[in-house]
Amino acid sequence: DADSTDAIKAFYRAQQDAHAAMRFLMSNADKYGIDTSWVFVSGSSAGAVSSLGLQYYSQQVTDSIFPAVSKSLGPLNGGDNGYTAGFKIKGIACMWGALNTPDLITAANAVPTIFFHGEKDKFIPCNIGHFYSCNNYPMNYGAKPLYNRLMALGVSATAYIDPEGGHGVYSQKFRADKIISF
């Protein structure tokens, strides 16, 4: 059996790192030629969870879902680096990722998203389930319910769901072509 406390701490640390990376990039936008009004994030597996988290997990949200974590690990936008620049995400490419609930996506924070997922993914549910099919882990919602939530809110979204696919579906070229045209 897996330890859900360790998994939640790992998730939170990943969110801290992703936020720190975004603050660094936004603080150095001129140096790296970044148009801060066109920020798209993408990731696969844990990277997709982090990409979604950049948009949908604020400190208030993480504190309500995982109340003790920030007390032990510090704030989401804590001391990983000294950068303070904020960021606004314009779109997300999510390759087999999930959120704790589609209710984190609201009319006020929803952004266009393209999803890729396999229905037979045993690590991150395409629909509703636990990470790694482990009942000790919190419930998660994958591409299907997140896509449905965005559609219900009238936000542009596309979902490529492979009914026979597991974790890591579609070729890199297929995903790149679809992301570029999204």
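1. A search of the whole structure finds three salt bridges, a salt bridge being a side-chain nitrogen of Lys or Arg within 4 Å of a carboxyl oxygen of Asp or Glu. The model is predicted: local features need pLDDT of at least 70, side-chain atom pairs count only at pLDDT 80 or more, and totals for chains, interfaces and linings use all residues. Residues are numbered from 1 along each chain as its sequence is written, and side-chain values use heavy atoms, with hydrogens and water left out.

2. E119 forms a salt bridge with K144, and the closest N and O atoms are 3.0 Å apart. E119 lies in the loop between β3 and β4 (128–130) and K144 in helix α6 (residues 143–152), so this pair ties together parts that are 25 residues apart in sequence. Helices (H or I, at least four residues) and strands (E, at least two) are DSSP runs, numbered from the N terminus. E119 is partly exposed at 40% relative accessible area, and K144 is partly exposed at 29%. Here buried means under 20% relative accessible area, exposed over 50%, and partly exposed in between (1.4 Å probe, protein chains only).

3. K120 forms a salt bridge with E164, with 2.6 Å between the closest N and O atoms. This pair links distant parts of the chain: K120 is in the loop between β3 and β4, E164 in the loop between β6 and α7, 44 residues apart. K120 is partly exposed, at 47% relative accessibility, whereas E164 is exposed, at 58%.

4. D177 and K173 meet through their side chains in a salt bridge of 2.8 Å, N to O. Both residues lie in helix α7, four residues apart, which is about one turn of the helix. D177 is partly exposed at 38%, and K173 is exposed at 57%.

5. The structure holds 13 aromatic pairs. Rings of Phe, Tyr and Trp (its six-membered ring) pair if their centres lie within 6.5 Å; planes under 30 degrees apart count as stacked, over 60 as edge-to-face and the rest as tilted. One of the pairs is F116 with Y170, edge-to-face, at 6.1 Å centre to centre and 65° between the planes. F116 is in strand β3 (residues 113–118) and Y170 in the loop between β6 (157–162) and α7 (172–181), 54 residues apart. F116 is buried, at 0% relative accessible area, while Y170 is partly exposed, at 26%.

6. F116 also forms an edge-to-face pair with F174, at 6.4 Å centre to centre and 80° between the planes. Ring pairs link F116, Y160, Y170 and F174 into a cluster.
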